[in-house]
Amino acid sequence: MNSPGPENDFERKVRRKTIIAFVVFGLGILFALIGWRWLRHQPVSQGTIKPLRKGFEFNEKVFKGVFSQNHLEPEYPKSKAVKKPRVNGDLGLKKDQDLSSWKLKVFQPGMKDTIFLGLDEIKALPKTEIVYNFKCIEGWSQVTHWGGVKFADFANKYKLGTKSGKLPVSFPSDDMYKYIGLVTPDKTYYVGIDYESMFHPQTLLCYELNGKPLSQKHGAPLRLIIPVKYGIKSLKRIGTLYFSDNRPPDYWAERGYDYYSGL
Ligand SMILES: Nc1nc2c(c(=O)[nH]1)N[C@H]1C(S)=C(S)[C@@H](COP(=O)(O)O)O[C@H]1N2
Ligand SMILES: [Mo]
């Protein structure tokens with residue numbers, strides 16, 4: 001049986017390697033199972049389990065670190081914009097908005113009176129157009145042409161966003177409220193956005209798509225267009241806009257998506 005010799009030596013080596021391979025493979029599966037069970041038993045925080053939330057927070061730190069007011073998303077000629085932009089998401093848009101009675105409600109801490117603005121007052125500010133690649137977090141994108149008022153122009157005009165009431169001068173700034181919250185008139189869709197991204201020069205309070213007033217499904221009469229974020233943050237049909245040092249509630253963050261959702 002166990003005849004000595006080179007043949008037997010070879011077989012023994014093969015058998016040993018096979019056993020090692022199986023043990024390593026088995027341990028791998030065991031650790032994967034233990035890891036998976038551990039992950040599943042982690043506490044949930046803001047819609048997702050803590051270790052994944054930590055991953056989001058790390059991403060946020062990295063993105064904020066490299067984020068700059070001077071970094072612009074690429075823009076395209078108008079001819080590149082799609083003729084029939086797709087519609088995605090109708091939270092807060094189930095019924096048509098009566099455009100004649102619509103007002104934008106605006107407030108920030110310490111403000112004496114809440115401001116109500118009509119679309120004509122917003123349109124009175126300088127108009128800015130942008131053609132860029134709108135990206136949905138679900139994985140599609142489309143080049144679209146939008147028109148409206150730069151959020152920074154709007155905030156400056158109404159002296160909004162700073163605690164001192166003076167115009168924002170530089171970024172980052174301790175004088176500014178850390179977040180802006182946006183809510184649909186029926187309050188079913190809401191987002192929170194860091195002030196750096198809101199004051200980015202490409203962020204618009206938008207009232208036009210392809211040179212025409214926004215349709216109901218695209219967010220008439222006024223929506224946000226924020227090219228430095230995924231589409232989830234470009235809230236359609238703004239009812240209320242407010243400033244805060246606390247993170248405003250955010251519909252998709254409550255359901256496990258990344259709060260920051262930056263590109
Ligand atoms: N009020 C409201 N705004 C919204 C949504 C929504 O469901 N309701 N969906 C968001 C998402 S996920 C995307 S991708 C964009 C889509 O904008 P569009 O329909 O103009 O293409 O709107 C965003 N804003
Ligand atoms: Mo989206």
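This is a predicted model: local features need pLDDT of at least 70, side-chain atom pairs count only at pLDDT 80 or more; totals for chains, interfaces and linings use all residues.
**Strands, cores and a covered ligand**

S3 and S12 pair in the parallel sense, over 3 bridges.

Val-106 stands opposite Leu-241 in S12. Phe-107 stands opposite Tyr-242 in S12. On another side of the pairing story, S3 is joined to strand S4, residues 115-117, by 3 bridges. S3 and S4 run antiparallel. There, Lys-105 stands opposite Phe-116 in S4.

What are the two faces of S3? The covered face is Leu-104 and Val-106. The uncovered face is Lys-105 and Phe-107.

Now S12. How many of the residues of S12 are buried? 5 of 5, so call the strand mostly covered, given that buried means under 20% relative accessible area. Thr-240, Tyr-242 and Ser-244 point one way. Leu-241 and Phe-243 point the other way. Both sets are buried.

S12 has another partner. S7 joins S12 through 5 bridges, and the two run antiparallel. Gly-181 stands opposite Tyr-242 in S12. Recall that Phe-107 also stands opposite Tyr-242.

Next, the core. The largest nonpolar core has 37 residues. Which of them touch the most other members? Leu-104, Phe-151, Phe-154, Leu-182, Phe-199 and Leu-241. Several elements supply at least two residues each. Among them are strand S3 (104-107), strand S7 (179-183) and strand S12 (240-244). Helix H5 (195-198) is on that list, and so are strand S8 (190-194) and strand S9 (204-209). Helix H4 (151-157) gives the most, with 4 residues.

Take Leu-104 as the worked example. Leaving out residues up to four places away in sequence, Leu-104 touches Ile-115, Phe-116 and Leu-117, among others. Its contacts also include Ile-122, Phe-154 and Leu-222. Ile-238, Gly-239 and Leu-241 are on the list too.

Lys-229 is in the loop between strand S11 (223-225) and S12. Is Lys-229 buried or exposed? Lys-229 counts as buried because its relative accessibility is 3%, and the cut-off for buried is under 20%. What does its side chain meet in there? The side chain of Asp-194 makes a polar contact with the side chain of Lys-229, at 2.8 Å. A polar atom of the Lys-229 side chain also lies 2.8 Å from the backbone oxygen of Tyr-260.

Gln-202 sits in the loop between H5 and S9. Gln-202 is buried, with a relative accessible area of 4%. A polar atom of its side chain lies 2.8 Å from the backbone nitrogen of Glu-73. Contacts of Gln-202, its neighbours within four places aside, include Leu-72, Glu-73 and Glu-75. Ile-130, Ile-225 and Pro-227 are also in contact with Gln-202. Look at Ile-130 again. The C-alpha atoms of Gln-202 and Ile-130 are separated by 7.5 Å, with the two residues 72 apart along the chain.

Now ligand 1. How many residues surround ligand 1? 20. The closest are Asn-88, Leu-91, His-218, Arg-223 and Lys-236. An oxygen atom of the ligand is 2.7 Å from an N or O atom in the side chain of His-218. A nitrogen atom of ligand 1 is 2.9 Å from a polar backbone atom of Ser-234. An oxygen atom of ligand 1 is 3.3 Å from a polar backbone atom of Asp-90. Taken alone, ligand 1 exposes 530 Å², and the protein buries 98% of that.

Last, the whole chain. The protein chain holds 5 helices and 12 strands. Of its 263 residues, 43% are buried. Take contacts between residues at least 6 apart in sequence: 67% of them join residues at least 24 apart. The accessible surface comes to about 15100 Å². Carbon and sulfur atoms account for 59% of that surface.

Definitions and conventions
Residues are numbered from 1 along each chain as its sequence is written. Chains are lettered from A and ligands numbered from 1 in the order in which they are written. Side-chain values use heavy atoms; hydrogens and water are left out. A nonpolar core is a set of buried Ala, Val, Leu, Ile, Met, Phe, Trp, Tyr and Cys residues joined through side-chain atoms within 4.5 Å. Buried means under 20% relative accessible area, exposed over 50%, partly exposed in between (1.4 Å probe, protein chains only). Contact means heavy atoms within 4.5 Å. Two strands pair if DSSP finds at least two bridges between them. A residue is near a molecule or strand if one of its heavy atoms lies within 4 Å of it. A polar contact is a pair of N or O atoms within 3.5 Å; within protein, one must be able to donate a hydrogen and the other to accept it, and residues adjacent in sequence count only if both atoms are side-chain atoms. Accessible areas come from the Shrake-Rupley method with a 1.4 Å probe; for residues, only the protein chains shown count as cover.
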